[in-house]
Amino acid sequence: MREVRLHDTHSGELITLRPRSGGEVGIYACGPTVYRRIHVGNARPFVVFSLLRRFLAHEGYAPRLVVNITDVNDKIYAEARVAGVSSQQLAREMTGHYLADTEALGLGRPDAEPLASETIAAIVALIETLIARGHAYVAAGDVYFSVRSFPAYGSLSHRQVDDMDQGEDSEWAERKRDPLDFALWKAAKPEEDSSWEAPWGRGRPGWHIECSAMAERLLGLGFEVHGGGADLVFPHHENEAAQTVAAHGEPLAQIWMHNGMLRVDRETMSKSIGNVTLLHEAIARHGHHAVLMYLCGSHYRKPIDFSEAALAEASARVARVREAGRRLAEGPSPQDLARWHEQFFVALADDFNTAEALNGALFPWVREANARGDRGETVGDADLRDMLAVLGLDGLVCGEGDEAGELVAAGAPADVRALVERRVQARRKRDFTLADRLRDELAELGWEVRDGAGEPQLIRLRDRPP
């Protein structure tokens, strides 16, 4: 079992991962608020922590990944009113889209995906504990956490208490004892169509208490890794950390791990700004391997600049690995290439550095393997498969009988080639709706088209007749 170090936002240092007995590692990553379809930026934490789970399992740990779904939230109520549907219906529809869009990444599902709406009893119990311990108070049917009752508040985000703004609507300001306090429970409003009974009145939970309750219920206190985007450090994770310690006298998590944001023209990709590329659209245009390659190409803590050109570059890297994989023989890799294989996993153990694993190990391995192939030497694919599998890219090396498909250099029927050409023209005109429809028509005929930096690659699917 390799020693793994991860950056902890609270301490600002690399912390050695300390699993429980049996190598158990609990990972909680904050998932989406399901009021619209997720964009590529929303997908980054899902990818980072899904791949972290894969890596830890590879190293002999027993990881358990929990990614919540926030289906009770102010944004859902507001969006549902605009759409003219109930908040429950909107949340169900967007949850379905989220599950389908992330499933298309090919990484499998988290071990648990709790819904806030199904955790109300645990949320109410946690709030009751905070009230009983003097860290929360009831005000006109609302319940607020008293920030100044908790001296360590601000230690996660490294902020001074008086400089903080919870970002909550001004309508609650008059009910708070202190502007710094944040809502644990919000009294039901006439325009809100879903609420629950609680000892202090009918209403619904605040955002921050939902995650504390879900994480504690499924992973216990003091679990190993709490993750999410850097935008959640304050106030969301600061509030989670504070309310859990205030209630139980124990920390929620050992390591607070945060991924950087995606940027478009120096602005964070955000639904509120509107500068988003939806995940399912990016996958349809470039393929899920390209999206994964793009997201793995930078260290998880760093922001990433997003563009179609960046995805096209990732597509070219995918094509390069796939082409190298076609030249390999099935079986063990040469012993003297093992240094790159080892360096790959060393990079991941050092703060999960996927960029270094790719650039400093996997691609040098590919270059050396290609050079040997050029000399007529036989190179086995075991090392490459092992590395790619941890990053969710294992489909790039297809052996005999694999269902991923067969690369076709020529011989496609004329009608298939015509559809591909029509799709090329549609993409050049940026008519992605037509391009997506033509992709679907090709799939119905038993063909997959994979986009890259150059000409599209045409794949004949083995489980469908051409």
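Hi everyone, let's start with a pair of neighbouring strands: strand 9, residues 223–229, and strand 10 run parallel to each other and are joined by six bridges. If you'd like a spot to look at, find Gly227, which sits opposite Met257 in strand 10. Before we go on, please keep in mind that what you see is a predicted model.

Which strands make up the open sheet, and in what order? There are four of them, arranged 4-3-9-10, with parallel pairing. From one strand to the next, the twist averages 20 degrees.

Helix 1, residues 40–58, lies across strand 3 (24–29), strand 4, strand 9 and strand 10, and its direction makes an angle of about 130 degrees with strand 10.

Let's turn to charges. Side chains of opposite charge can pair when their charged atoms come close. How many salt bridges does the structure hold? The count is 27, and I'd like to show you a few.

Take Asp350 and Arg5 to begin with: their closest N and O atoms are 3.3 Å apart.

My next stop is Arg204. Asp74 forms a salt bridge with Arg204, and their closest N and O atoms are 2.5 Å apart. Here again distant parts of the chain are linked: Asp74 belongs to helix 2, residues 74–83, while Arg204 is in strand 8, residues 203–205, a separation of 130 residues. Asp74 is partly exposed, with 28% relative accessible area, whereas Arg204 is buried, at 1%.

Glu192 forms a salt bridge with Arg204, with 2.6 Å between the closest N and O atoms. Glu192 sits in the loop between strand 7 (182–187) and strand 8, 12 residues from Arg204. Both Glu192 and Arg204 are buried.

To finish, which residues join up in a network of salt bridges? They are Asp74, Lys186, Glu192 and Arg204.

Terms used: Residues numbered from 1 in each chain as written. Predicted model: local features only at pLDDT ≥ 70, side-chain atom pairs only at ≥ 80, totals over all residues. Heavy atoms only, no water. Pairing = 2+ DSSP bridges. Helix = DSSP H or I, 4+ residues; strand = E, 2+ residues; numbered from the N terminus. Axes fitted to C-alpha atoms, helices over the stretch in contact; angles between N-to-C directions. Contact = heavy atoms within 4.5 Å. Salt bridge = Lys/Arg side-chain N within 4 Å of Asp/Glu carboxyl O. Buried < 20%, exposed > 50% of the residue type's maximum accessible area, 1.4 Å probe, protein only.
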